[in-house]
Amino acid sequence: MTVMKTAARSARMTGTALAVAVAAILTTGVTAGITATAAHAQTASPPGLAAVHSRLDDIVTSGTLRACATGDYKPYSYRRPDGQFEGIDVDLVASLAKSLGVRPVIVPTTWKGLMDDFTAGRCDIAVGGVSVTLDRAARAYYSRVVMIDGKSPIVRCADLAKYQTLDDLNKPGTRAIANPGGTNERFARQHLPNATLTIYPDNVTIFQQIADGKADVMVTDSSETLLQHKLNPALCAVNPDKPLQFGEKAYLLPRGDEIFKRYVDQWLNLAQKTGEYQGVVDKWLK
């Protein structure tokens, strides 16, 4: 009996000793952890102050702002026969570059190759009447909206009454025309399945195809239909104030680069609020 009591007492003492030892180890570990955390807190940089690389830094360092543009979309970007670019967005890129103290350089691209060129890093920003689409947004950032626009038809003025609605356009006898690789081709294929569609490679001379009677209609951005009417009075925009499809224009920016996006957005905000943006638009459209 005495032996059993002694054994039990020994077991309790051993358990107590073990518990005390474990507690001591845990306490030491927690204390060490707190000490290490405190030391880290004293030496770590405050949130938001760590250096973050941005394309903005590359632009300033290189002294060059590279802008992709197709050069075939008046009034936003047009490549003249001498190779120089002009247009609304060309002027605005120059303004953005000036705000950074760098030189603007236009990098030629095509609508079909625009996203591949941009994501490959051939340019820092893409401009020239770029429409906002979800598939582009999946691969790049957009700036804040530059312009609200939409799709409208342009036809020979003699046929204006004939093509007033989408149903009027979407008929077997209608000869539609579109440039390749952009939102104009996408709209035509989606909404004009019954019309005869021609994909014409030159977005500069495409409107002459309508004027010459080789095509009946092109659906493009309302702003472009108004400019083309100004350039060629034989062509008329169909209800440009009531577009067939809502649309927005913005600039493409590198995906994930919040610093560059915020700078461009703020520059654009100031340009719009001070009247600089409207002055450039009026220069080309009025």
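Q: Which salt bridge does Asp-221 make with its side chain?
A: In this predicted model, the side chain of Asp-221 meets that of Lys-249 in a salt bridge, with 2.4 Å from N to O; a salt bridge here is a side-chain nitrogen of Lys or Arg within 4 Å of a carboxyl oxygen of Asp or Glu. Asp-221 lies in strand E11 (residues 217–221) and Lys-249 in strand E13 (residues 245–249), so the pair ties together parts that are 28 residues apart in sequence. Helices (H or I, at least four residues) and strands (E, at least two) are DSSP runs, numbered from the N terminus.

Q: Before I go on, what does the predicted model require for local features?
A: Local features need pLDDT of at least 70 and side-chain atom pairs count only at pLDDT 80 or more, whereas totals for chains, interfaces and linings use all residues. Residues are numbered from 1 along each chain as its sequence is written, and side-chain values use heavy atoms, with hydrogens and water left out.

Q: Is Asp-221 buried or exposed?
A: Asp-221 counts as buried at 5% relative accessibility, and Lys-249 is buried as well, with a relative accessible area of 3%. Buried means under 20% relative accessible area, exposed over 50%, and partly exposed in between (1.4 Å probe, protein chains only).

Q: And how many residues of E11 are buried?
A: Five of the five residues of E11 are buried, so this strand is largely enclosed by the rest of the structure.

Q: Which strand is joined to E11 by five bridges?
A: That is strand E8 (residues 147–156), which runs antiparallel to E11; Ser-152, for instance, has Thr-220 in E11 as its bridge partner. Two strands pair if DSSP finds at least two bridges between them.

Q: Back to charges: how many salt bridges does the structure hold?
A: There are 16 salt bridges in the structure. Asp-124 forms one with Arg-55, where the closest N and O atoms are 3.1 Å apart. Asp-124 lies in the loop between helix H4 (114–119) and strand E6 (125–126), and Arg-55 in helix H2 (residues 55–62), so the pair ties together parts that are 69 residues apart in sequence.

Q: Which residues are linked in a network?
A: Arg-156, Asp-159, Arg-175 and Asp-216 are linked in a network of salt bridges.
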